[in-house]
Amino acid sequence: MNTVKTKIVPLRGTIKVPGDKSISHRSIMLGSVAKGKTIVHGLLTGDDCLHTIECFRQMGVHIDRDGEYVEIEGKGIEALTEPSNVLDVGNSGTTIRLMLGILSSLPFHTVILGDQSIAKRPMDRVVNPLRAMGAKIDGRRGGKSAPLSVRGGALTGIHYVSPVASAQIKSAILFAGLFAEGETSVLEPEASRDHTERMIQAFGGNVEVNGLKRTIHGKQQLEGTTITVPGDISSAAFFLVAGSIIPGSRITIQNVGVNPTRSGILDTLREMGADIAIDHLQDQVMEPYADITVTASSLKAVTIGGEIIPRLIDEIPILALAATQAEGTTIIKDAAELKVKETNRIDTVVEELKKMGANIEATEDGMKIHGRSALHGAHVSSHGDHRIGMMLAIASCLTQEKVEIQDKEAITVSYPGFFQQLNSLR
Ligand code: S3P
């Protein structure tokens, strides 16, 4: 390990984070099954979304991309054709799960797979309801794991009570329901992100929202539209925490999506005592966005659990880092879903932050973090998980010794240019 001492430098300046990953995926998917041209501004060009584009190109959809600008020649779902090779989603759980909803309605055979992480993640959560709608899906472990083989066709609506608050489950079923016979509904235990519902409306479709229940009528024809993707709050989260915990920092992040089903990080950081200002809120658009300014402050421990968990699920690794710098014991609970993300994020967060001197322990459904700890240099690993890699990169800003991050390339799945932006703030 390189133990050369460096100064801890405040982060100061203004940045724009890349486009929202969830919204980017959905814009490609709905643009590909709609009729007419769809234009997307501000698409996330991370590996995950590029895989989504490739999957639809393989089914004959004409998609032109120039950086973050995309044009899709939508000809309706009936124009999609059987791919001559397997569809590869890379590391993207959103691609495989949401696409399964679409593939289930297509009258041909597809095989869909991803990397080693995808092969480990549970697919039965979407396979089971899609089978109940009439899709013929098989795969490893009886269809619980990818690679999966889908023979789609005529589907019938179902009324599904989801055991988990998951936008991927909800969206896969709503996508299948869009083209099914009759009515389809999904009831969730808590509200998950609602980008699918908002975007179906933007494409001229209709989803009824009633408390935690979503209902969609089948055989809808979507029409191409123009989508502007706001900055990803899950990417902004790394700088929101960095700006809060690195002494002397002040960072403004422009055009960040602040959809209330995603903004739990803002509520939690504020409860911890963070100094966060929201300006230029635009809420008359499909997805609200704003500029967010964070100024370093002293944080205190909180308990994070219950309905807020789906609103900040992807931000828990970076919140765990924030908790190492907060006074007192932070408890994160009701977050067992972390175990089935790109890695088991309870284990990877605890293992890696411990190496840097954090006082952190895993629990059944979350973790306990005792603050404050002075973090030190170490050899750490992203475990191939983009959000663990970025969390560790921010943690390294707090150490005087060097932190070596193994497998940091994983970051490109959601945040190409992350290190350049981090350096631009020093
Ligand atoms: C996503 C939903 C969430 C989230 C993932 C993106 C989406 O997963 O963790 O990064 O775009 O629908 P779950 O639906 O499994 O909670």
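Tutor: Below we take the labels in turn, keeping in mind that this is a predicted model.

Student: How do you know that domain 1 and domain 2 are in contact?

Tutor: The test is heavy atoms within 4.5 Å. By that test, 26 residues of domain 1 are in contact with 26 residues of domain 2.

Student: And how much area is buried between domain 1 and domain 2, and which residues of domain 1 lose the most?

Tutor: About 2200 Å² is buried between the two, with carbon and sulfur atoms giving 51% of that. On the domain 1 side, Met286, Glu342 and Val413 lose the most area to domain 2, and together they make up 26% of what that side buries.

Student: On to strands. How do you know that β11 and β12 pair?

Tutor: Pairing needs at least two bridges from DSSP. Strand β11 (residues 207–210) and strand β12 (residues 213–217) are joined by four, running antiparallel, so they count as a pair under that cut-off. One of the bridges sets glutamate 208 against threonine 215 in β12.

Student: What makes β11 and β12 a hairpin?

Tutor: There are two residues between them, and glycine 211 in the turn has a positive phi of about 60 degrees. You'll find a hairpin at β3 and β4 too, with two residues between them and glycine 67 in the turn at a positive phi of about 60 degrees. Strand β3 (residues 62–66) and strand β4 (residues 69–75) run antiparallel with five bridges, and isoleucine 63 has isoleucine 72 of β4 as its bridge partner.

Student: Why are β9 and β11 called edge strands?

Tutor: Look at the order of this open sheet: β9-β10-β12-β11, with mixed pairing. β9 (159–161) and β11 each have a single partner strand, so one side of each is left without a neighbour in the sheet. On average, neighbouring strands here are turned by 15 degrees against each other, direction ignored.

Student: What does β12 pair with besides β11, and what packs on that sheet?

Tutor: β12 is joined to strand β10 (residues 183–187) by five bridges, antiparallel, and serine 185 stands opposite threonine 215. Helix α7 (residues 167–179) packs on the sheet, touching β9, β10, β11 and β12, and its direction makes about 20 degrees with that of β12.

Student: Last one: what kind of crossing do α12 and α13 make, and what makes up their contact?

Tutor: The crossing is right-handed. The axes of helix α12 (residues 316–324) and helix α13 (residues 345–355) come within 10 Å and cross at roughly 35 degrees. Pro317, Ala320, Leu321 and Thr324 in α12 meet Arg345, Val349 and Leu353 in α13. By class that is five nonpolar, one polar and one charged.

Conventions: Residues numbered from 1 in each chain as written. Predicted model: local features only at pLDDT ≥ 70, side-chain atom pairs only at ≥ 80, totals over all residues. Heavy atoms only, no water. Axes fitted to C-alpha atoms, helices over the stretch in contact; angles between N-to-C directions. Left-handed = near helix turned anticlockwise from the far one by under 90°. Nonpolar A, V, L, I, M, F, W, Y, C, P; charged D, E, K, R; others polar. Buried area = accessible area lost by both parts, 1.4 Å probe.
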